[in-house]
Amino acid sequence: MLTVPLIDGRYDSPPGRPSWLAQQLPSLCFYSRALLVVAQAARMARQQIYTDGDWAHSSFAILRALESCGCRFQLQGLQHVQSSQQPCVFIANHMSTLETFVLPCLIAPYRRVTFVVKQSLIDYPVFGHVMRSRDPIVVQRDNPREDLKTVLEQGSERLAAGISVVVFPQTTRTTGFDATQFNSIGIKLAQKAGVPVIPVALRSDAWGNGHWIKDFGPIQPHRPIHFHFGAPLTVASPAQARQTQADCVAFISEQLQLWQPQG
């Protein structure tokens, strides 16, 4: 399976200069490449031949397409993903569409994984075929009680089958981080299923929100892309669950603070 080349659990985009066209029109250059990747993946998904390895390959192609337009990645803590094949709950802040496309190539080579996603992602033309093929946990985002029930029931089933789950506890994507809007649904799932949590801090605003279609906005290569995976945390008891939620919030908050533009 294709993997991102890591050194001590870390990946930094290699130095390089994008083409003149990519410098002038990064969004056009990126989306022209990305659409080809998604179209090929969707064709395979419709034929029911799209595997976890294919998903990781598609995801890596998206990462490379972003780099070709001048985006630069700094990925840390991937030794925590590599170290075990035990299923877990990845709990991350949600800043843009970028993480949905890139996380598979960082996780799927080492353990089976799926996402908790909103209904609209599986309803998209073309891309919806890809997302549905990954057997995601689908929530509606208009009834928190029903969403919690869905995540706990279906998430526990996935985890029992050895499939890790990525959860974005924020109610919507945002470039800021408000701890009061970061719910404990991922912690509750991990506690119910008896699996560890891996916190993930993300800065992915290089892929902006769109004016007409929110998921597909401008590509802004001057904004560095950071992913940091924390060490696994256990949630065996209610008291431990509360502490783990606080630890996840603190980890994400601290990393985002470190990644703030200077000056």
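Start with the aromatic side chains: the structure holds 12 aromatic pairs. Rings of Phe, Tyr and Trp (its six-membered ring) pair if their centres lie within 6.5 Å; planes under 30 degrees apart count as stacked, over 60 as edge-to-face and the rest as tilted. The model is predicted: local features need pLDDT of at least 70, side-chain atom pairs count only at pLDDT 80 or more, and totals for chains, interfaces and linings use all residues. Numbering runs from 1 along each chain as its sequence is written, and side-chain values use heavy atoms, with hydrogens and water left out.

**Stop 1: the rings**

Select F30 and Y31. Their ring centres are 5.1 Å apart and their planes stand at 65°, so this pair is edge-to-face. Both F30 and Y31 are buried. Here buried means under 20% relative accessible area, exposed over 50%, and partly exposed in between (1.4 Å probe, protein chains only).

Now select W207 and F216. This aromatic pair is tilted, with 6.5 Å centre to centre and 45° between the planes. W207 is buried, at a relative accessible area of 2%. F216 is partly exposed, at 31%.

Ring pairs link F30, Y31, F101, Y124, F127, W207 and F216 into a cluster.

**Stop 2: the whole fold**

Zoom out and switch to a cartoon view. The protein has 10 helices and 8 strands. Helices (H or I, at least four residues) and strands (E, at least two) are DSSP runs, numbered from the N terminus. The radius of gyration is 18 Å, close to the 18 Å that the globule rule gives for 263 residues, so the protein is as compact as a globular protein of that length. That radius is taken over C-alpha atoms, and the rule is 2.2 Å times the number of residues to the power 0.38. Along its principal axes the C-alpha trace spans about 55 × 50 × 35 Å. Of the 263 residues, 52% count as buried.

**Stop 3: the enclosed space**

A cavity, on a 1 Å grid over the protein atoms alone, is a set of points where a 1.4 Å probe fits but cannot get out; lining residues have an atom within 4 Å of a point. Grid points are joined across faces, edges and corners, and a volume is the space filled by probe spheres set on the points. The count is 1 cavity of 30 Å³ or more. The largest cavity has a volume of about 130 Å³.

Colour α2 (26–46), α3 (52–68), α5 (98–107) and α7 (127–133): these elements give two or more residues to the lining of the largest cavity. α3 gives the most, with 4 residues. The lining divides into 11 nonpolar, 3 polar and 1 charged. For these classes, Ala, Val, Leu, Ile, Met, Phe, Trp, Tyr, Cys and Pro count as nonpolar, Asp, Glu, Lys and Arg as charged, and the others, Gly among them, as polar.

**Stop 4: the open space**

Move on to the largest pocket, which holds about 330 Å³ of space. A pocket is an open set of points with protein on both sides within 12 Å along at least five of seven lines. Select P144, D147, P169, N183 and I185, the closest to its centre of the 17 residues that line the largest pocket. The elements that give two or more residues to this lining are α8 (144–160) and α9 (185–193). α8 gives the most, with 4 residues. By class, the lining of the largest pocket has 9 nonpolar, 4 polar and 4 charged residues.

**Stop 5: the cysteines**

Show the cysteine sulfurs. The structure holds 0 disulfides, where a disulfide is a pair of cysteine sulfur atoms within 2.5 Å. Select C29: the nearest cysteine sulfur, that of C69, is 5.4 Å away. C29 is buried, with a relative accessible area of 15%. Then pick C71. Its sulfur is 6.5 Å from the closest cysteine sulfur, in C69, too far for a bond. C71 is buried too, at 0%.

**Stop 6: two loops**

Most residues other than glycine have a negative phi. Select Q48, in the loop between α2 and α3. Q48 has a positive phi of about 60° although it is not a glycine. Q48 is exposed, with a relative accessible area of 74%.

Finish at D135, in the loop between α7 and β5 (137–139). Phi of D135 is near 50°, again positive in a residue other than glycine. D135 is partly exposed, at 45%.
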